[in-house]
Amino acid sequence: MSHAWLWQNRGVTEPVIRPATAGDVEALAALAAETFPLACPPHTTPEAMADFIERHFRPEHFAAYLDDPARRVVVAARGGGASDALVGYSMLIGGEPGDADAAAAVTARPAIELSKFYTRAGEHGGGIAAPLMAATLDAARVTGAVVCWLGVNEENARAIRFYEKQGFAKAGRKHFTVGGRVENDWVLAQPLG
Ligand SMILES: CC(C)(COP(=O)(O)OP(=O)(O)OC[C@H]1O[C@@H](n2cnc3c(N)ncnc32)[C@H](O)[C@@H]1OP(=O)(O)O)[C@@H](O)C(=O)NCCC(=O)NCCS
């Protein structure tokens, strides 16, 4: 399978990985609300998660993300790729890292942040995350970025293992605030060859 930005396997149950479109914003909001808690450490309260979701993952937020030329949103879908069958998504943000610790840890430029990378719980271990990552890194390369970086909670062992399998390596530390509580993140990065 080539690492094409857009491809579709044959067969109704095979995943489709494609750029998000305006028709996906409702489904993306629902998917983001469902999957965000999967990345939070166990002590994050339901109220803190709900507040974060309300401020970042409404359909109008995703409409703005899709309109932002600095961002790329990629989706994974089953059942032919329709927006109501989304099972995963990613979001890239190009430009100078907005986080000072990340900017110091990742020195190559231009840089692009892998800001979101989520699949539904029922898909974990099912093999969809790797092709979603391949398409996401292809989309990052197309922007001209030479390095892709991300922040991941230090307690999120599964995601860290996945990212390291996918070529990311620890570059430093940063912090992330949810519900007023400061969390410790690893900064992971990989060069875009
Ligand atoms: C991160 C994510 C996309 C990875 O997809 P996935 O289908 O789970 O990935 P894989 O199964 O290919 O890889 C996960 C690896 O972690 C391992 N793993 C699972 N649970 C683990 C744990 N508790 N500790 C350490 N490793 C763990 C798996 O065995 C696998 O490694 P292996 O292939 O060597 O056996 C998915 O888990 C996800 O959406 N998680 C919730 C959202 C999230 O955390 N996103 C990242 C935010 S930064």
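**Entry 1: Glu-123**

I started with Glu-123, which counts as buried because its relative accessibility is 13%, and the cut-off for buried is under 20%. A reminder to myself before going further: this is a predicted model. I then looked up where Glu-123 sits, and found it in the loop between β5 (111-119) and α5. What is Glu-123 in contact with, leaving aside its neighbours within four places in sequence? I noted Arg-78, Val-87 and Ile-128.

**Entry 2: Arg-141**

Next I moved on to helix α5 itself, which covers residues 129-142 and holds Arg-141. Is Arg-141 buried, partly exposed or exposed? I put it down as partly exposed, because its relative accessible area is 32%, which falls between the 20% limit for buried and the 50% limit for exposed.

I also checked which residues Arg-141 touches, not counting those up to four places away in sequence, and wrote down Leu-192 and Gly-193.

**Entry 3: cysteines**

How many disulfides does the structure hold? I found zero. A disulfide would be a covalent bond between the sulfur atoms of two cysteines. I looked up two cysteines for their accessibility anyway. Cys-40 counts as buried because it has 16% relative accessibility, under the 20% cut-off. Cys-148 is buried too, with a relative accessible area of 0%.

**Entry 4: the ligand**

Which of the 19 residues around the ligand come nearest? My list reads Gly-125, Asn-156, Arg-158, Arg-161 and Lys-165.

I followed up three of these, atom by atom. Gly-125 uses its backbone: a polar backbone atom is 2.8 Å from an oxygen atom of the ligand. With Arg-158 the side chain is involved, and one of its polar atoms lies 2.6 Å from a ligand oxygen. For Arg-161 I noted an N or O atom in the side chain, 2.7 Å from an oxygen atom of the ligand. To finish, I looked at how much of the ligand is covered: taken alone it exposes 960 Å², and the protein buries 70% of that.

Definitions and conventions: Residues numbered from 1 in each chain as written. Predicted model: local features only at pLDDT ≥ 70, side-chain atom pairs only at ≥ 80, totals over all residues. Heavy atoms only, no water. Helix = DSSP H or I, 4+ residues; strand = E, 2+ residues; numbered from the N terminus. Buried < 20%, exposed > 50% of the residue type's maximum accessible area, 1.4 Å probe, protein only. Contact = heavy atoms within 4.5 Å. Disulfide = S-S within 2.5 Å. Near = heavy atom within 4 Å. Polar contact = N/O pair within 3.5 Å; in protein donor to acceptor, adjacent residues only side chain to side chain. Areas by Shrake-Rupley, 256 points an atom, 1.4 Å probe, with all protein chains shown as cover.
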